[in-house]
Amino acid sequence: MDYIDRYVYAVGKRFSGKQRQEIEQELRSNIEDMVEGMDEKEPYAQRVEATLMQLGKPENIAQEYQGGKRYLIGPSYYETYLMILKIVVAAVLGGISVAMLVRAIFVTDKSLLPLFSDYLSALFAGALQAFAWITLVFVTLERSGQTKLLTDANHEPWSLEDLPAIPKKQARISRTESVVGIILSTLFYTFIIVMIYSAPHLLGLIYSQNGELVVIPMFQVFVLQGLMPFWITIFILSLLKEMANLFFGRWTIKLSLITIVLTLISTVLAVMIFANPEIWHLDFAQQVMAQMNLEFDFISFWEQIKRWIVPIIVLAGALEIIEALFKGIRYGYKKDA
Amino acid sequence: MKNEGTKVSRDVLDSFLLELKRGTLVLGVLTQLATPQYGYALVVLLEDKKIPVEAGTLYPLLRRLEKQGVLQSEWETEASKPRKYYQLSQYGKEVYDQLCEEWFGISDHLNRIIRGEV
């Protein structure tokens, strides 16, 4: 009896409420029937064992009851998921390595052990973060697979007219370019994020004085670190953009809209970072003037740079949006493609 | 070398056979459900008629067919132990009739092609 109880429990635990009760009750009565149906000369325990072995793994039966397999990330996304995961994790590790190397150069204390353990834990944390975020994106995709964000619905009736025309060369988005884009932005943002997190004072003007490397910090460390969520979001948005390119593989209206929305958000975030005058180190320009014996007025030059940085970010965002809009409309319509 | 060849083709054959049986599973089950049957009785019935079905596949299948409205069920609690009896619903009967017709068509055509009559 013990094995039957355990078997029924193993199948039933995957269900809940009334469904569980029904499945367990029915399965139990069937099992008991099967045991009784066997050769009565066999000992009872052996008949139970034979019956349960014949029924097979409880997981499989439970799966049959559920009506098929269910996936966290299904076959339609799995290959892409693996590819993106490998690329991004590798690039994150690369970005962290570069950032930690930069930090190591400026360490005056020559003991390498704490630096090395810092490096290892940063690698671990970075890989974990990358893994978690990418998995989250793909799980969301899988969940919304029935709604049609990135795939066209599979079950709607379709006609030959729905077959997209083979895109013109200009309408295509090169896979290699998207992959390189993912690698570059991961390297860049990981580097920035690790630097802000672990050595923000090193972001600045670096020069050599009497054979020693000296840094004049450009940013206000605490303000910069407080804006970390902004950087991380911008990073994720840029990855999403490249991943959308990879999925579509060609310009369409939908891709154009996705690109526009993502660009809009990341531009706004970047503006929020750099429009805040407090992120700049107060006497960066004065220090540069004093230390480097510059002959021109670096202070007002620096003021100009700070004044122009937001307009430049806006302009870059606007150009990207216009490009996406243009390509979406130009190549997005089937008749025109 | 030759042995290896036969072994591989046996695997292939088995997988085709499995597909074939899986395809006719529902039809086989439905043939026996004009009268109410419970899970294990159905396993025995089908086995006697040389259409063996895995019990572990059959029990969940019955439940799925019920959800689809092809079968209707009733718990029989008066006997020494409660059993769930399944039977074709009205809708299920119509499905079954049409399925049979399709089956005759498919098997006729295929048989004739195989025998070289067409």
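I took buried to mean under 20% relative accessible area, exposed over 50%, and partly exposed in between (1.4 Å probe, protein chains only). I worked on a predicted model, in which local features need pLDDT of at least 70, side-chain atom pairs count only at pLDDT 80 or more, and totals for chains, interfaces and linings use all residues. Residues are numbered from 1 along each chain as its sequence is written, chains are lettered from A and ligands numbered from 1 in the order in which they are written, and side-chain values use heavy atoms, with hydrogens and water left out.

**Salt bridges**

I counted a salt bridge where a side-chain nitrogen of Lys or Arg lies within 4 Å of a carboxyl oxygen of Asp or Glu. The count comes to 16 salt bridges over all chains.

I looked up A:Arg14 and A:Glu59, whose closest N and O atoms are 4.0 Å apart. For helices I used DSSP runs of H or I with at least four residues, for strands runs of E with at least two, numbered from the N terminus. A:Glu59 is partly exposed at 38% relative accessibility, and A:Arg14 is partly exposed at 36%.

I then took A:Asp5 and A:Arg28, a salt bridge with 2.8 Å between the closest N and O atoms. Since A:Asp5 belongs to helix H1 (residues 2–12) of chain A and A:Arg28 to helix H2 (residues 17–37) of chain A, the pair ties together parts that are 23 residues apart in sequence.

In chain B I noted the salt bridge of B:Asp14 with B:Arg10, at 3.1 Å between the closest N and O atoms. These two are four residues apart in helix H1 (residues 2–31) of chain B, which means a separation of about one helical turn. I also found A:Lys18, A:Glu22 and B:Arg63 linked in a network of salt bridges.

**Aromatic pairs**

I paired rings of Phe, Tyr and Trp (its six-membered ring) with centres within 6.5 Å; planes under 30 degrees apart count as stacked, over 60 as edge-to-face and the rest as tilted. This gives 20 aromatic pairs over all chains. A:Phe284 and A:Phe298 have ring centres 6.3 Å apart and planes at 65°, so the pair is edge-to-face. A:Phe284 is in helix H11 (residues 284–292) of chain A and A:Phe298 in helix H12 (residues 298–332) of chain A, so parts that are 14 residues apart in sequence are tied together. A:Phe284 is buried at 2% relative accessible area, and A:Phe298 counts as buried at 11%.

B:Tyr38 and B:Tyr85 are also edge-to-face, with 5.3 Å centre to centre and 75° between the planes. B:Tyr38 lies in strand S1 (residues 37–38) of chain B and B:Tyr85 in strand S3 (residues 83–88) of chain B, so the pair ties together parts that are 47 residues apart in sequence. B:Tyr38 is buried at 15%, whereas B:Tyr85 is partly exposed at 22%.

**Surface patches**

I built patches from residues with over 30% relative accessible area and no salt bridge, joining like charges within 9 Å and nonpolar side chains (Val, Leu, Ile, Met, Phe, Trp, Tyr) within 5 Å. Lys and Arg count as positive and Asp and Glu as negative, while His and the chain ends are not counted. Charges were placed at NZ of Lys, CZ of Arg, CG of Asp or CD of Glu. B:Glu94, B:Asp97, B:Glu101 and B:Glu102 form a negative patch. B:Glu102 is exposed at 53%.

Notes
Accessible areas come from the Shrake-Rupley method with a 1.4 Å probe; for residues, only the protein chains shown count as cover.
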